[in-house]
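Open the structure in your viewer and keep the selection panel at hand. We will go from ligand to ligand.

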Amino acid sequence: MALSLGFHIIFACIGMVMPFFMAVAHYKWLRTGNEVYRNLTKAWSKGVAIFFATGAVSGTVLSFELGLLWPVFMEHAGPIFGMPFSLEGTAFFIEAIALGFFLYGWNRFNAWFHWFTGVVVGISGLVSGILVVAANAWMNSPAGFDYVNGEYLNIDPIKAMFNDAWFSQALHMSIAAFVATGFAVAGIHALMMLKGKNVAFHAKAFRIAAAFGAVAAILQPISGDISAKDVARRQPAKLAAMEAHFHTEEKAPLIIGGIPDMQEKKVNYAIKIPGGLSFLAHGDFNAEVTGLDKIPEENQPPVAVTHYAFQIMVGLGVVMMIIALLYFLALWKKKQWLQKRWLLRLFVIATPMGFIAIEAGWTVTEVGRQPWIINGIMRTADAVTPMPGIVYSFYIFTAVYLSLSFIVAFLLYRQIRMVGKLYDHSSEPSKAI
Amino acid sequence: MLYVVIVFLWTAILLYLLLGGADFGAGIIEFFTSRKNRGRTRRTMYQAIGPVWEANHMWLIITIVILFVGFPSIYATMSVYLHIPLTAMLLGIIARGTAFVFRHYDAVKDDMQKLYNRIFIYSSVITPLFLGIIAASTVSRQIDLQAQDFLSAYVFSWLNGFSVAVGLFTVCICGFLAAVFIIGETDSEADRQFFTRKAKWMIISAVLCGVLVFTASYIENIPLVDWVFGKPAGILAITAASLSLPFLWYGLTHGKAIIIRLLAGFQVCMILFAATYRHFPNIVLLKHGGYLSLIEHQGQEKTIEALAWALLIGSIFILPALFYLLYSFEKKKPGEA
Ligand code: HDD
Ligand code: HEM
Ligand code: HEM
């Protein structure tokens, strides 16, 4: 499950963000008539088609896997948190239809109608992302039912959808998708510019992707702060694990880095900022922050994994924010930096960072919620399928996903290598078909 | 409201069978095409299904979502006892969807194409085979909630002659649907004849598999004959389907694309109707006489209500857009340069 999701989420993010990049390139083509923009739109749309299909099949697998792996969970949770899933179905459907129009609609429709279908792909992708995260948020912050003697009564699917956690999680996730995709795409095009290949083409692509990524990277820590305050309120155990915060105290320090020692209940080699955690979690340097000592042993999430994952996410978030700030500085004040190789190199280095941060972030929410599958209501161990031999299923899917990732990377590599031939006739006319 | 949901469920299954089925069928036809004709088949197919293939498969997602939101215990039981065929079908879906896209969007056309093609073709056969097996297993009374050992709980729940026969039948139906659909899309007389021949072959195999299904049900004591013919409505449906066969044949021979499409859709609709109405509202029949019913095992009222509204509102957005998509790619205009 975690594997399928971790795989799916990468494709889903690209599927929801790339259409916006395409829409910008496409808009510029329609406005300026500059061929490069049309070719860029086409080149990107091929990539999107590949990612969309892979995202769609892995998503289809997920909707089955929920039942295949967690039948007990779905039997009880399905009717409660199913609302976002049913609406999500609608959003996907619209996305698939719009994509059909967009990919096959070149020269068939009014140019602006065609452009508009591309925008619809992006918007419905974003909406479906928000909806599915609302479903996940419900697992963190169950709402919309009364839990009486092991029975789920008075179900209210609307309340379940608008649970306490949905807003902060959906906001953070949507921005994350823009950060990750923006930096990944910008990084690839930056690399091609450094190699001096089809520079006119790649420079335009880079500018669009970097602008999206950089704006989002600056917003992300702000939204992360909203999330952290939210977690502190609704899942103190998760916050304590994220921060490896063992003892309840006032003026709690913010712990950066370090190796949690589970026996001694302390964190070694960490940088500590006094009062920092109290401030981040409750907006007050003197506030009391619940530590793991207040949580019964059997309800504690795995501390080390959660803590490391959280550090990775925040660390990468800060690095990307700095790159983003440098980039804006270059755009507005230091135009000469734009010609420098180091700026492009920074973007190349940052290519995978957003996606690593996304995987880390999900590890934080999911592992930080353990041992619960529905926070405070149902334990993960009680939700799993009774069928023995489930590991084989796991091995098969691992093999499938590995080979798919490999093929997709291979296809992308081929797309990029063919840019000169297929999409950029201007800079290297000799290579044109 | 429950009935709104049930109608959507049934319609989603029907549309998946028709549209998704035609889509699988494209690969099945390729499977039964000699090597030298495959290129041509592939091109015609791609023009016809390219823009809509993604949308066709959404019906499966809708079906699953309706099941797990509205009828959670039915969904849970099926996921546990039919785990293996469901997984097989999923692998088929992954392989097929990705191979289809990869072969068209790979920037370099080289030997990788052969690999994509092979994967596409085989998974196009395997996926509907398991789809049919799963469907048959829900009514074959082999799901045993009291089973103690692995084999009887997780394997014999779906591995039996009847289920496999229905699986083969589904494969033929899919191939038939695809052939019928493609006939209207061809632009040369030679192509038209080629696909007409395929369609006829598929009808013949479907009828043979139908006989196989009845034989298997007889051997395994599944009262299929009684379900289908026990009540006037069933007899009517099957008779209508059978009577339309000669017309279909005539349409095929005389190249009436619209008529044969409508008739083919009608037949599948009738078959599904005959297969489901008799034990409605019980959609899963269990060993030892138990069953899971759409009415007794529905979710709580508020959930069903919300689901029904979500479906109704969703269809306001989806259906017009979907029709426009199908319509605009029907009028043939010059495609991408
Ligand atoms: C590009 C990716 C990315 C980046 C740079 C960040 N995050 Fe994040 N974070 C995610 C991607 C992400 C995520 C994968 O999208 C998560 C997992 C679940 C969710 O809603 O978002 C997440 C979850 C998540 C949570 C748990 C939310 C919950 O359980 O409800 C917190 C507290 C933060 N983040 C805080 C931060 C802070 C303070 C950051 C400072 C820089 C930060 N994140 C950067
Ligand atoms: C809407 C989205 C999601 C839902 C509904 C969901 C659902 C679940 C469920 C049911 C579990 C409990 C089973 C378990 O403990 O293994 C789980 C755990 C887990 N999930 Fe998710 N998940 C979602 C998103 C993600 C994503 C995108 C990732 C990607 C990295 C992820 C990573 C994990 C991990 C690492 C665990 C294992 C925790 C552990 O076993 O300690 N989840 N998730
Ligand atoms: C329990 C978890 C999840 C389930 C059951 C699920 C289900 C699905 C399904 C069935 C599809 C295919 C739809 C199609 O054919 O177009 C899909 C695609 C998609 N999913 Fe998920 N999903 C899950 C998690 C997520 C998460 C965590 C996100 C991201 C935030 C996400 C965002 C998307 C998007 C944007 C698409 C559209 C496909 C694309 O553009 O590539 N999903 N998902």
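This is a predicted model: local features need pLDDT of at least 70, side-chain atom pairs count only at pLDDT 80 or more; totals for chains, interfaces and linings use all residues.

Residues are numbered from 1 along each chain as its sequence is written, chains are lettered from A and ligands numbered from 1 in the order in which they are written, and side-chain values use heavy atoms, with hydrogens and water left out.

**Stop 1: ligand 1**

Select the iron atom of ligand 1. His172(A) (NE2) and Met313(A) (SD) coordinate the iron, at 2.0 to 2.4 Å. Donors here are N, O and S atoms within 2.8 Å of the metal (3.2 Å for Na, K and Ca); water is not among the atoms, so sites may look incomplete. The six donor atoms subtend angles of 79 to 180 degrees, which makes the arrangement octahedral (opposite donors over 155 degrees apart, all others between 65 and 115).

Now show the helices, which are DSSP runs of H or I with at least four residues, numbered from the N terminus. His172(A) sits in helix 6 (residues 166-194) of chain A and Met313(A) in helix 10 (residues 303-332) of chain A, so the pair ties together parts 141 residues apart in sequence. Both His172(A) and Met313(A) are buried (under 20% relative accessible area, 1.4 Å probe, protein chains only).

**Stop 2: ligand 2**

Move to the iron atom of ligand 2. Which residue is its single donor from the protein? Select Glu366(A): its OE is that donor, 2.4 Å away. Glu366(A) lies in helix 12 (residues 353-369) of chain A. Helix 12 of chain A also gives the most to the shell around ligand 2, with five residues. By class, that shell has nine nonpolar, four polar and three charged residues (Ala, Val, Leu, Ile, Met, Phe, Trp, Tyr, Cys and Pro are nonpolar; Asp, Glu, Lys and Arg charged; the others, Gly among them, polar).

**Stop 3: ligand 3**

Select ligand 3 and what surrounds it. There are 27 residues, each with a heavy atom within 4 Å. They come from chains A and B, so the site is shared between chains. Helix 2 of chain A gives the most to this shell, with eight residues.

Zoom in on two side chains. A nitrogen atom of ligand 3 is 2.8 Å from an N or O atom in the side chain of His8(A). An oxygen atom of ligand 3 is 2.8 Å from an N or O atom in the side chain of Glu95(A).

Key. A polar contact is a pair of N or O atoms within 3.5 Å; within protein, one must be able to donate a hydrogen and the other to accept it, and residues adjacent in sequence count only if both atoms are side-chain atoms. Helices (H or I, at least four residues) and strands (E, at least two) are DSSP runs, numbered from the N terminus. Four donors count as tetrahedral if all angles lie between 85 and 135 degrees; four count as square planar and six as octahedral if opposite donors are over 155 degrees apart and all others between 65 and 115; anything else is irregular. Buried means under 20% relative accessible area, exposed over 50%, partly exposed in between (1.4 Å probe, protein chains only).
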